[in-house]
Amino acid sequence: MTSLFAANPGTPQDIDGRAAWIRMVASLLLATLGGAGMWSMVVVLPAVQSEFAVERGVASLAYTAIMVGFGAGNYLFGRAIDRFGAARPVAFAALLLGAGFILGSYSTGLWQLIVIQGLLIGIGSAASFGPLLADISHWFARRRGIAVTAVACGNYIGGMLWPLVMQPMMAAGGWRLSYLLIGIICVVAMLPLAAMLRRAPPHLDTGAVNAPEAGLSSAGISPRMLLGLLAFAGIACCVAMSMPQVHIVAYCVDLGFGVARGSEMLSVMAGAGIVSRLVSGMLADRIGGVKTLLIGSTGQMLALFLYLPFDGLVSLYVVSLIFGLSQGGIVPMYALVVREYMPAREAGSRVGIVIMATIGGMALGGWLSGEIYDWTGSYQAAFINGIAWNLANMVIIGSILWRSRPRLHAKMAS
């Protein structure tokens, strides 16, 4: 079993080669399967609330626990991938995820389920996002952007597929049967895919791309300062991003359009997000991750502005489409920026820190928007709050781009 997941060195010819593309497909499938950890609770939340006879806010703590575990797991498994390669950490994560769903199906109380969601499902699902983005970035040079964003699409694809897969399970045996079957599916499907990642990157920290500290230092940014700026930028952009994503359904209910219309707008955002991620990846391969991140953040802020004057049904569909096309590529860009500006040997842990910050931003923004609504009785102020956070993100990313110009100019001159 151990030898099945032991790391074997790749060759320089594997970079951008057939082995890299096969690895990308395996990672995309892992990200899609692992997405069950984030999306399943959304589907079963009403049933869990009903069975345990609690208020919606209390039942929602199970989802909060997943997000906390997911954020921490991105860092923990990122560090593990830096040290052991991808196969063993991802296989261990699959076992955690599967065990979480199976044990969760036998929960006798809500707090027991909440603990399982955070420690097993949340942490286990984390390996299917940031750590996989960091890993696949080692295998591509010319097409790194499209490879990273394609793997990141697995999260959105999971959000589209898992609710559909769970419907017949829920109809047949409720949320407990759904959790039991999902746990079995994750273990059976993810372990063979994890074994496909056992080859280690053929080289690390060779060349200018993998050892950029000197260039950044001359531009006035140390790697530690850059990591801090990226983490705060991740919080800021995701506080803004969370406003429509978390509250669009409630916003539609307030406007009299109903839950179904709001859910459809959420699906529009997710579908547009897939397109956004792929296009952002192709663009990043041409102009770099920082510029692409700034373009996405600017588009997201403009979309948030459009929510202020337009509150008709058709216009909200259009604005939600624009929002999805703007924001979908933002989070994967942080992984590309880390790879462009920081040592490759630390990619997993540093990508994990930034992704953990973005998850924290989503959690903070979702809560803060609700609080602002309670204070003001309207979502208008919450949208304005999101715009302010988005502007802070743009200032940070713009400053990173400006400070790194000497490095970029020197690289072009060489």
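A pocket is here an open set of grid points with protein on both sides within 12 Å along at least five of seven lines. In this predicted model, the largest pocket has a volume of about 2,000 Å³. Its lining comprises 48 residues, of which Val42, Tyr63, Gln245, Val246 and Leu266 are the closest to the centre of the pocket.

Seven helical segments each contribute at least two residues to this lining: H2 (36-52), H3 (56-59), H4 (61-84), H8 (144-195), H10 (223-255), H11 (259-287) and H15 (347-376). The largest share belongs to H10, with eight residues. Classified by residue type, the lining of the largest pocket consists of 32 nonpolar, 14 polar and two charged residues.

A straight helix of 52 residues would span 76 Å at 1.5 Å a residue, whereas the end C-alpha atoms of H8 are only 22 Å apart. A kink of about 125° is present in H8 and is centred on Gly173.

The residues lining the largest cavity are Ala31, Gly34, Gly35, Met38, Phe70, Ser125, Ser128, Phe129 and Asn155. By class, four of these lining residues are nonpolar and five are polar, and none is charged.

Salt bridges were then examined. The count comes to four, including the contact between the side chains of Asp135 and Arg23, with an N to O distance of 2.9 Å. Asp135 belongs to helix H7 (residues 130-137) and Arg23 to helix H1 (residues 18-34), so this pair ties together parts that lie 112 residues apart in sequence. Both partners fall below the 20% limit for burial: Asp135 is buried with a relative accessible area of 2%, and Arg23 is buried at 4%.

Another salt bridge joins Arg261 to Glu264, the closest N and O atoms being separated by 2.8 Å. These two residues are three positions apart in helix H11, and about one helical turn therefore separates Arg261 from Glu264. An α-helix has 3.6 residues a turn, so residues three or four places apart point the same way. Arg261 is partly exposed, with a relative accessible area of 28%, and Glu264 is likewise partly exposed, at 34%.

Val331 is located in helix H14 (residues 330-341) and counts as buried, with 8% relative accessibility. The C-alpha atom of Val331 lies 8.7 Å from that of Cys237, although 94 residues separate the two along the chain.

Definitions and conventions
Residues are numbered from 1 along each chain as its sequence is written. This is a predicted model: local features need pLDDT of at least 70, side-chain atom pairs count only at pLDDT 80 or more; totals for chains, interfaces and linings use all residues. Side-chain values use heavy atoms; hydrogens and water are left out. On a 1 Å grid over the protein atoms alone, a cavity is a set of points where a 1.4 Å probe fits but cannot get out, and a pocket is an open set with protein on both sides within 12 Å along at least five of seven lines; lining residues have an atom within 4 Å of a point. Grid points are joined across faces, edges and corners, and a volume is the space filled by probe spheres set on the points. Helices (H or I, at least four residues) and strands (E, at least two) are DSSP runs, numbered from the N terminus. Ala, Val, Leu, Ile, Met, Phe, Trp, Tyr, Cys and Pro count as nonpolar, Asp, Glu, Lys and Arg as charged, and the others, Gly among them, as polar. The expected span of a helix is 1.5 Å times one less than its number of residues. The bend at a residue is the angle between axes fitted to the seven residues ending there and the seven starting there. Buried means under 20% relative accessible area, exposed over 50%, partly exposed in between (1.4 Å probe, protein chains only).
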